[in-house]
Amino acid sequence: MDYVSPFERQLGVLFGRTVRKRRLQLHLTQQDVALAARMDRSHYQAMEAGRSDRKTNRPANPTLNTLVRLAIVFQCTIDDLLAPIVRLMNDYPEEVHEWFDSLEFKS
């Protein structure tokens, strides 16, 4: 398995907390969200846990398509779903740049 930095894991967990908080605010179950967003329930559950799936344990990294569907279900914007991550990036710019610089280019 490829190395995953602690920062990438933190991003996944932060996204998971964000969608969980929004789901609870709307009094929805994970099954409600998964059905409305047309995704597998186990995939949504893993996303709330900050993972892309249970097998690989990779951090959550939703596609743009997934973000659009979740924003529709949660009656919010994609900006709302990513706002905590943007705040993290603004609060810790040096760590963000260190993480980015550590990424390997894959062609």
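Student: Where does H27 lie?
Tutor: This is a predicted model. In it, H27 lies in the loop between α1 (6–25) and α2 (30–36).

Student: Is H27 buried or exposed?
Tutor: H27 counts as exposed, because its relative accessibility is 72% and the cut-off for exposed is over 50%.

Student: What about the phi of H27?
Tutor: Phi of H27 is near 60°. That is a positive value in a residue other than glycine.

Student: Next, N57. Where does N57 lie?
Tutor: N57 is in the loop between α3 (41–48) and α4 (64–74). Its phi is near 60°, again positive in a residue other than glycine.

Student: And what is the relative accessible area of N57?
Tutor: It is 36%, so N57 is partly exposed.

Student: Let's switch to α3. Which residues of α3 are buried?
Tutor: Y44, Q45, A46, M47 and E48.

Student: What covers them?
Tutor: The cover includes α1, α2 and α4.

Student: New topic. At what angle do the axes of α4 and α5 cross?
Tutor: They cross at roughly 110° and come within 8 Å. Helix α5 covers residues 78–91. The angle makes α4 roughly perpendicular to α5.

Student: Which residues make the contact?
Tutor: From α4, they are L64, L67, V68, L70, A71 and F74. From α5, they are I78, L81 and L82.

Student: How many are nonpolar, polar or charged?
Tutor: The contact of α4 with α5 has nine nonpolar residues, no polar ones and no charged ones.

Conventions
Residues numbered from 1 in each chain as written. Predicted model: local features only at pLDDT ≥ 70, side-chain atom pairs only at ≥ 80, totals over all residues. Heavy atoms only, no water. Helix = DSSP H or I, 4+ residues; strand = E, 2+ residues; numbered from the N terminus. Buried < 20%, exposed > 50% of the residue type's maximum accessible area, 1.4 Å probe, protein only. Contact = heavy atoms within 4.5 Å. Axes fitted to C-alpha atoms, helices over the stretch in contact; angles between N-to-C directions. Parallel < 35°, antiparallel > 145°, perpendicular 65-115°, else oblique. Nonpolar A, V, L, I, M, F, W, Y, C, P; charged D, E, K, R; others polar.
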